[in-house]
Amino acid sequence: CERRATMHAKNFDAEPVRKFGLQVEPPAQIYLWNGLDKHGTPRILLVRDYRTMDQLLIRACELLGASPRPTKLHTVDGRPVRSLNELVHGGHYLFIQGGARYSFASLPAALREHLQSLAEQHDAETAAAAAAAASPAQPFPAAALAFMSPGQYSSCTPITSR
């Protein structure tokens, strides 16, 4: 009996755990904010429960206690979302009643704080990447230096990993 290596994360010489039955992804969920309530909190909505955007909007009206019903949701930056295919798992969306317009100043305070923390985190990651790119090149490792004479090292340029 020949055994083949599997790409199982825990044990490379054993067969992976086999699952039976229907294997499905966890349901997509979105965070829904009332775009006109400055002190509002998000409501979590599972997208799998709806087949059309109209059904989702009707349920959003019930959850948020808003009227009249809009024809679309908005992303946090104000772009309209007109179909369920445009929704992203874990995304934050604004429910703005019919007749009102998107305004960053009227976003809920908790959502603005969340966006600010995401922006600060992104800035920190960008600064760290820029600092890493600007750092001087690393010299040869000690094992590589063992095969060189002292005079050769001064004339070589260091190898950097990508």
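A: Start with touching: contact means heavy atoms within 4.5 Å. The model is predicted.

Q: Which residues does Leu-73 touch, not counting residues up to four places away in sequence?
A: Leu-73 touches Ile-30, Leu-32, Met-53, Leu-56, Leu-57, Arg-79, Pro-80, Val-81, Leu-87, Tyr-93, Leu-94 and Phe-95, with residues up to four places away in sequence left out. Each of these therefore has a heavy atom within 4.5 Å of one in Leu-73.

Q: What is the overall make-up of the protein?
A: The protein has 4 helices and 5 strands. From the N terminus on, the elements run β-β-α-β-β-β-α-α-α. Of its 162 residues, 23% count as buried. Among contacts between residues at least 6 apart in sequence, 43% join residues at least 24 apart.

Q: In what order do the 5 strands of the open sheet lie?
A: The order is 2-1-5-3-4, and the pairing is mixed. Strand 2 (43-46) and strand 4 (80-81) are the edge strands, since each pairs on one side only.

Q: What makes strand 1 and strand 2 a pair?
A: Pairing needs at least two bridges. Strand 1 and strand 2 have 4 bridges, in the antiparallel sense, so they count as paired. Tyr-31 has Ile-44 as its bridge partner in strand 2.

Q: How many bridges join strand 1 to strand 5, and in which sense do they run?
A: There are 4 bridges, and the two strands run parallel. At least two are needed, so strand 1 and strand 5 pair. In strand 5, Tyr-31 has His-92 as its bridge partner.

Q: What makes strand 3 a partner of strand 5?
A: 2 bridges join them, and they run antiparallel. The cut-off is at least two, so the pair qualifies. His-74 stands opposite Leu-94 in strand 5.

Q: How many bridges join strand 3 (residues 73-75) to strand 4?
A: Again 2 bridges, antiparallel. That meets the cut-off of at least two, so they pair. Leu-73 stands opposite Val-81 in strand 4.

Q: Where does helix 1 (residues 53-64) pack?
A: Helix 1 packs on the sheet, touching strand 1 (29-34), strand 2, strand 3, strand 4 and strand 5 (92-95). Its direction makes about 150° with that of strand 2.

Q: How does the span of helix 1 compare with what is expected?
A: Helix 1 has 12 residues and reaches 16 Å from its first C-alpha to its last. That is close to the 16 Å expected at 1.5 Å a residue.

Q: Which members of the largest nonpolar core touch the most other members?
A: Of its 18 residues, they are Leu-32, Leu-56, Leu-73, Leu-87 and Phe-95. Strand 1, helix 1 and strand 5 each supply at least two residues. Helix 1 gives the largest share, 6 residues. Apart from this core lies another, of 6 residues, among them Trp-33, Val-76, Leu-94 and Leu-107.

Q: Is Asn-34 buried or exposed?
A: Asn-34 has a relative accessible area of 14%. Buried means under 20%, so Asn-34 is buried. Asn-34 is in strand 1. It touches Leu-64, Phe-95, Gln-97 and Pro-108, not counting residues up to four places away in sequence.

Q: Is Arg-101 buried or exposed?
A: Its relative accessible area is 74%. Exposed means over 50%, so Arg-101 is exposed. Arg-101 lies in the loop between strand 5 and helix 2 (109-134). Arg-101 and Leu-36 are 65 residues apart in sequence and 9.3 Å apart in space, C-alpha to C-alpha.

Terms used: Residues are numbered from 1 along each chain as its sequence is written. This is a predicted model: local features need pLDDT of at least 70, side-chain atom pairs count only at pLDDT 80 or more; totals for chains, interfaces and linings use all residues. Side-chain values use heavy atoms; hydrogens and water are left out. Axes are lines fitted to C-alpha atoms, for helices over the stretch in contact, and angles run from 0 to 180 degrees between N-to-C directions. The expected span of a helix is 1.5 Å times one less than its number of residues. A nonpolar core is a set of buried Ala, Val, Leu, Ile, Met, Phe, Trp, Tyr and Cys residues joined through side-chain atoms within 4.5 Å. Buried means under 20% relative accessible area, exposed over 50%, partly exposed in between (1.4 Å probe, protein chains only).
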